[in-house]
Amino acid sequence: MSMVSETGRGRAIPQPSIAAEGVPVWDPVVRVLHWALVIAFAAAWGLGKFGPDQMTLHFWAGYAVAAIVVIRVIWGFVGSQTARFTSFVKGPRKVFGYAREMTSRRPSKTLGHNPMGALFIVGVLIVLAMQILSGLLADPEDYINVGPLAQYVSSDVARQALALHEPLSTLLLAMVAVHILSIVFYRLYKKEDLVTPMFTGRKKID
Ligand code: HEM
Ligand code: HEM
């Protein structure tokens, strides 16, 4: 798009351009849910690992994560274009094609999630759901921190859920670490700022 317009006398006048202001990329629901998830996940993880023995607060943080995940999945079907799973989940060919471009020191120029980011998103939503379900079903047999759904399953299932809950939390931590390192990689190596658009909703393009 042209950044200048010619007057009758041939003088160039600067025009506000899409390159400078950016184009809309993330709707408010995506942004609010993302930062709410960051806070609720950190609270659930921290309270699970380091919180008081009575885990009421941990449970509530876990329910907040559950609500966010459910709303995000619904939004993935009915939300704005870039929020929809159909717009960013891609098959193996696109994912490998994109992976081959990873080492080029250029911004990806994807308006929306790139095919590899999409893998993380789907993966993290699935593992979060497993974490929540295992917590809901877990019975640590201490008569205090019993998951609210443990009474509806056999004690074997409740024990297995408990056994899964801790390893899943470590897996999630590792996934989040990769997520954050990728964002730093984009910033430093590919010179692409992904974080600002997650706050402002707009992304600058060439
Ligand atoms: C994303 C959400 C969640 C995360 C990240 C998370 C994380 C954790 C962590 C790190 C621990 C400590 C594990 C250990 O070191 O032994 C823990 C324990 C526990 N969590 Fe969660 N949790 C989540 C959701 C839930 C939910 C929704 C419930 C149930 C309503 C729940 C129930 C429990 C219980 C019962 C324990 C105690 C297990 C024990 O006593 O050994 N969690 N959680
Ligand atoms: C301070 C830490 C974090 C930062 C700076 C951060 C930053 C970002 C950015 C920039 C994006 C957009 C990526 C793109 O352009 O495609 C994104 C997406 C996403 N992040 Fe994070 N993130 C953080 C922590 C987390 C955590 C802890 C989780 C989950 C437990 C998470 C889950 C997600 C998900 C699910 C998306 C997809 C957003 C959507 O479409 O709804 N992030 N994050």
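Modeller: A salt bridge is a side-chain nitrogen of Lys or Arg within 4 Å of a carboxyl oxygen of Asp or Glu. This is a predicted model, where local features need pLDDT of at least 70, side-chain atom pairs count only at pLDDT 80 or more, and totals for chains, interfaces and linings use all residues. Residues are numbered from 1 along each chain as its sequence is written, chains are lettered from A and ligands numbered from 1 in the order in which they are written, and side-chain values use heavy atoms, without hydrogens and water.

Biologist: What makes Lys203 and Glu192 a salt bridge?

Modeller: Their closest N and O atoms are 2.9 Å apart. The cut-off is 4 Å, so the pair counts. Lys203 lies in strand β4 (residues 202-203), and Glu192 in the loop between α7 and α8 (195-200). The pair therefore ties together parts that are 11 residues apart in sequence. Helices (H or I, at least four residues) and strands (E, at least two) are DSSP runs, numbered from the N terminus.

Biologist: Are Lys203 and Glu192 buried or exposed?

Modeller: Both Lys203 and Glu192 are buried. Buried means under 20% relative accessible area, exposed over 50%, and partly exposed in between (1.4 Å probe, protein chains only).

Biologist: Why is Arg159 called partly exposed?

Modeller: Arg159 has 42% relative accessibility.

Biologist: Which residues are linked in a network of salt bridges?

Modeller: Glu141, Asp156 and Arg159 are. Arg159 pairs with Glu141 at 3.7 Å between the closest N and O atoms. Asp156 pairs with Arg159 at 3.5 Å. Asp156 and Arg159 are 3 residues apart in helix α7, so about one helical turn separates them.

Biologist: Which protein atoms are donors of the iron atom of ligand 2?

Modeller: They are His34 (NE2) and His179 (NE2), lying 2.0 Å from the iron. Donors are N, O and S atoms within 2.8 Å of the metal (3.2 Å for Na, K and Ca); water is not among the atoms, so sites may look incomplete. His34 lies in helix α2 (residues 28-50) and His179 in helix α7, so the pair ties together parts 145 residues apart in sequence.
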